[in-house]
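Here are my notes on the model, point by point. Have the sequence and the 3D view open while you read.

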Amino acid sequence: MIRGGRIFTHGRRNRFRAALRPAVLLYVLMVPALWLALIATVDLAERDIFAPYSRLRFMFFAAACTLTILLIIGFFVSIRHRIRLAERETLLGKQKLHLDSALANMPEGLCMFDGDQRLIVCNQQYADLYGLSKEQAQPGTLLRSILEHQNTIGNVSEDPDRFIARRLSAVSAGKAYQHINKLRDGRLILVTHRPMDDGGWVATHKDVTDQVSREESIRLLFEGSPVPMWVSDRESLRFLAVNDAAVARYGYSREQFMSMTVPELRPEADRERFGNFLRSLELSQFTENIGQHVTRDGTSIDVSVSSRALTYAGRNARLTVIHDISKSKQAERELRHTQKFLDAIIEHVPAPILVKEVACANADVAQCRYTLVNRSFEELFGVSREEIVGKTVTDLYPKERADFIIAENNEALRSPNPITLSDHEVHTATNGVRICTATTVAVRDDAQSPQILVTVLQDVTERNRTEQRIARMAHHDHLTNIANRKTFNDTLEAAIKRAMGCGDQFTILSLDLDGFKETNDTYGHLVGDALLCEVSRRLLHAADDAFVARIGGDEFALIVDGGSQIAAPLADRLLGALREEIRIEGRRIKTGATIGAAIYPNHGSDAKTLISNADVALYRAKAEVRGSVLFFDPRMGEEVRERRALQDALRSAVECQQLRLHYQPQRTMSGEVIGFEALARWRDRHHGSVSPAVFIPIAEESGLIIAMGEWALREACREAASWRRPLTVAVNVSPLQFRYGDLPNLVHSILLDTGLAPARLELEITESVFIDDFSRAISILSRLKALGVLVALDDFGSGYSSLSYLHSFAFDKIKIDRTFVLDLEHNQHSMAIVRAVIDLGHSLNIPVLAEGVETAAQHAMLLDRGCDEVQGYLVGRPMPIDDYAELVGTEITPAARTLIAS
């Protein structure tokens with residue numbers, strides 16, 4: 001019987017007595033038989049008459065003894081059996097006692113019912129869970145009574161009859177099941193039902209309230225975690241559960257995940273190894289590793305994976321947490337790349353770099369050791385980095401130099417800004433003494449404690465030398481090494497200030513060489529340059545203390561203290577020095593000069609006026625008597641005013657579009673017209689017909705040539721677009737149009753506006769466009785050629801002609817300057833130049849056109865030399881285009897005929 005979880009039995013003593021009782025009874029029954037046998041034996045001994053029966057007696061006695069022994073043995077066997085039974089009962093009692101203790105100490109409630117749904121046994125926990133009284137927990141209590149009691153105390157939330165019927169139906173089915181009961185106080189009881197063979201069952205009732213709460217929290221954490229997580233089987237490695245974050249990150253649906261194994265997320269080449277690795281993990285092992293996973297779309301991502309073994313739904317599983325570290329790995333790769341890049345930069349940067357670490361030296365610069373030097377440092381100082389790295393300043397330099405460096409480094413440690421040590425001498429092992437600039441900066445941590453010192457050296461030795469040369473070049477002419485225009489202007493301003501203070505006079509001499517252009521064109525630039533150098537030397541020698549400067553080209557200027565009494569004799573000496581023959585490369589060259597003079601303050605009280613008046617005097621002297629000296633006269637100002645009036649009239653003509661274009665035909669040597677050159681003409685109501693030789697230089701000087709050039713280009717394209725014959729039209733382009741504005745864009749817009757085909761437009765340039773900015777000129781010409789227009793090199797052979805221009809740009813035509821053509825019949829030099837230009841053009845596959853052809857003899861000579869095209873009065877004068885209507889294929893209207901006739 002079970003009471004309060006204990007089973008009660010008889011004592012050991014009673015069990016022993018019960019075992020002894022049968023043996024005692026058997027012994028009592030045997031005693032008379034033994035006594036009778038003994039009496040019979042004695043009696044036969046005494047009576048001889050029984051002698052014949054001695055054997056029988058002996059046998060009887062032996063049987064009696066044997067029976068006695070068997071009785072004794074049986075007694076002891078019975079005793080031993082009873083003792084063993086008693087020990088087994090004692091052991092069973094102990095086991096029952098242990099079972100009672102186990103039932104009493106189980107954390108779950110336990111109950112057992114028989115096939116009649118009556119309680120066999122239950123422990124106290126079961127009774128406490130459902131509030132059963134001592135009588136209700138007694139064996140024999142019906143299950144229905146217990147269920148009704150549940151309803152009575154409020155543990156049933158649904159319809160009582162329905163609840164009782166459902167519970168009785170479940171136990172009657174004889175199947176194992178689990179369900180959870182929710183009690184009135186909110187506790188959740190997990191009931192595990194196991195049927196027995198006799199129709200009864202055993203059930204455990206476990207309070208899983210906390211467990212369910214924890215599982216719900218874990219489930220919420222698992223499902224709602226923004227970090228991808230999954231649970232996988234430890235044996236098959238198949239997914240058992242995945243959260244939303246894993247679905248979103250990997251692109252697989254839950255159904256797809258459930259059909260996969262964990263290794264399938266790895267790159268194909270690593271799946272087998274990784275599967276073996278997962279299976280080899282011990283149950284208690286927490287593992288974390290970094291690798292790569294592949295998403296559904298094939299993208300590889302870097303991941304940090306952490307996992308731990310657990311039991312999930314009764315299966316051995318592993319919970320895995322995945323952190324996508326693709327960005328951090330990319331950042332690491334970029335950091336490594338950046339580090340390599342910076343190392344490469346530091347190693348190959350042309351400036352020497354030294355790095356010393358100060359954090360480990362407690363900011364004592366004297367104890368700081370160099371940790372890095374680059375290749376430039378090795379090359380500058382002629383030492384290897386092994387000789388520097390790991391050593392301190394005091395290890396490498398003499399005390400005086402070391403103290404100097406330490407003081408500079410200490411200043412950098414105290415300053416938040418870089419410390420720059422300007423030009424100072426540095427002694428090197430292989431490069432001698434160099435001039436360097438050192439910049440030192442302390443690199444600090446977040447706490448602003450210095451960690452390293454970086455020193456960057458800049459070898460400025462050559463720069464200083466270059467700066468000195470540049471400074472000299474800024475004030476001296478690079479060819480002749482005498483003062484240049486800037487220095488002349490500065491000196492003139494200083495002379496004016498000095499003269500204003502003391503009332504002194506000084507004279508400006510403006511000197512221009514005679515015949516220099518012809519010499520330069522005939523013998524080339526090298527001879528011309530040598531001539532200028534010799535002229536400069538002679539001027540310096542003859543000028544005594546006067547200031548001499550080269551203003552540009554073959555123009556020189558001098559500042560002479562005093563008036564005409566001093567300046568006139570000096571000017572004569574200068575002219576005399578230049579009249580003497582000059583020998584250059586075996587050639588005897590005769591040259592000369594013309595000088596214009598202006599006196600301060602008589603001819604001007606400011607630099608601009610003095611220079612202008614000296615130039616006016618020079619121009620008048622060149623016009624009247626070359627090789628002379630002429631001082632400025634106020635009457636010369638009238639010419640200046642006339643020139644200014646002409647410039648104002650030209651500006652008005654350009655603004656009012658009073659200029660006209662005449663067209664001069666260009667023909668092949670056989671006479672076929674291939675195009676026309678558009679030439680500007682100007683007739684003013686006050687000045688009459690003004691020659692292009694007059695108004696074009698004025699336009700160049702005043703800048704009007706830019707607007708005039710745009711008008712001429714637009715008008716020529718508009719006119720050519722109306723021709724029925726697809727002849728070319730050539731338009732001259734000024735160097736100023738190259739210098740200012742966007743010429744290619746202008747040409748492009750004009751072609752679009754007028755509708756002229758680009759191949760019918762030929763732009764004529766002179767070599768002077770290359771002088772100011774060669775690279776920019778080439779760039780502009782290349783852009784023009786890209787538009788499809790033709791580019792011709794005009795006036796070749798004169799001015800600044802150079803073969804390098806033909807080498808740098810593929811011209812479409814070369815035009816020989818008219819000065820050589822006009823002198824073709826009488827000057828062998830001109831003939832040689834023309835022949836050379838034609839041969840040069842043919843060797844470069846460039847057509848050559850000769851300008852200024854006026855006689856049949858010139859035409860014949862050009863034809864004989866192989867010239868391709870001609871232009872000049874012989875083949876057609878510049879005329880209004882209506883005069884060439886038949887050539888261009890247009891009809892002349894009656895009004896136009898009347899206008900031409902008038």
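1. Patches first, since the term needs its cut-offs: a patch is built from residues with over 30% relative accessible area and no salt bridge, joining like charges within 9 Å and nonpolar side chains (Val, Leu, Ile, Met, Phe, Trp, Tyr) within 5 Å. Accessible areas are Shrake-Rupley values with a 1.4 Å probe, and for residues only the protein chains shown count as cover.

2. A word on the source: this is a predicted model, in which local features need pLDDT of at least 70 and side-chain atom pairs count only at pLDDT 80 or more, while totals for chains, interfaces and linings use all residues. Residues are numbered from 1 along each chain as its sequence is written, and side-chain values use heavy atoms, with hydrogens and water left out.

3. Now the patch itself. Ile69, Leu70, Ile73 and Val77 make up a nonpolar patch on the surface, and together they have about 380 Å² of accessible area. Val77 sits in helix α2 (residues 54–105); helices (H or I, at least four residues) and strands (E, at least two) are DSSP runs, numbered from the N terminus. Is Val77 buried or exposed? Val77 is exposed, at a relative accessible area of 51%, where buried means under 20%, exposed over 50% and partly exposed in between (1.4 Å probe, protein chains only).

4. On to helix packing. Helix α24 (residues 743–754) packs with helix α26 (residues 774–787) at an angle of about 20 degrees, their axes being 9 Å apart. That angle makes α24 roughly parallel to α26. For the cut-offs, angles under 35 degrees are roughly parallel, over 145 roughly antiparallel, 65 to 115 roughly perpendicular, and the rest oblique. Axes here are lines fitted to C-alpha atoms, for helices over the stretch in contact, with angles from 0 to 180 degrees between N-to-C directions.

5. Another helix pair to look at: helix α29 (residues 828–843) and helix α30 (residues 856–865) have axes that come within 10 Å and cross at roughly 45 degrees. That makes α29 oblique to α30. Here, too, α29 passes α30 in a right-handed crossing.

6. Salt bridges next. Side chains of opposite charge can pair when their charged atoms come close. The cut-off is a side-chain nitrogen of Lys or Arg within 4 Å of a carboxyl oxygen of Asp or Glu, and the whole structure has 38 salt bridges. One of them joins the side chains of Arg249 and Asp324, at 2.7 Å from N to O. Arg249 lies in helix α7 (residues 244–250) and Asp324 in strand β12 (residues 315–324), so this pair ties together parts 75 residues apart in sequence. Arg249 is partly exposed at 31% relative accessibility, and Asp324 is partly exposed at 36%.

7. Which residue does Lys622 pair with? Lys622 forms a salt bridge with Asp514, and the closest N and O atoms are 3.5 Å apart. This pair links distant parts of the chain, with Lys622 in helix α19 (residues 607–624) and Asp514 in strand β18 (residues 506–514), 108 residues apart. Lys622 is buried, with a relative accessible area of 18%, and Asp514 is buried at 14%.

8. Arg818 and Glu854 also form a salt bridge, with 3.5 Å between the closest N and O atoms. Arg818 is in helix α28 (residues 818–822), while Glu854 is in the loop between β32 (848–850) and α30, 36 residues apart. Arg818 is partly exposed at 38% relative accessible area, and Glu854 is partly exposed at 35%.

9. Last, some backbone spots. Most residues other than glycine have a negative phi, and most peptide bonds are trans. The bond from Tyr600 to Pro601 is cis, with omega near 0 degrees, and Pro601 lies in the loop between β23 (592–600) and α19. Gln117 has a positive phi, near 60 degrees, in the loop between β3 (109–113) and β4 (119–122). Glu585 has a positive phi near 50 degrees; Glu585 lies in the loop between β21 (582–584) and β22 (587–589) and is exposed at 59% relative accessibility.

Methods:
Left-handed = near helix turned anticlockwise from the far one by under 90°.
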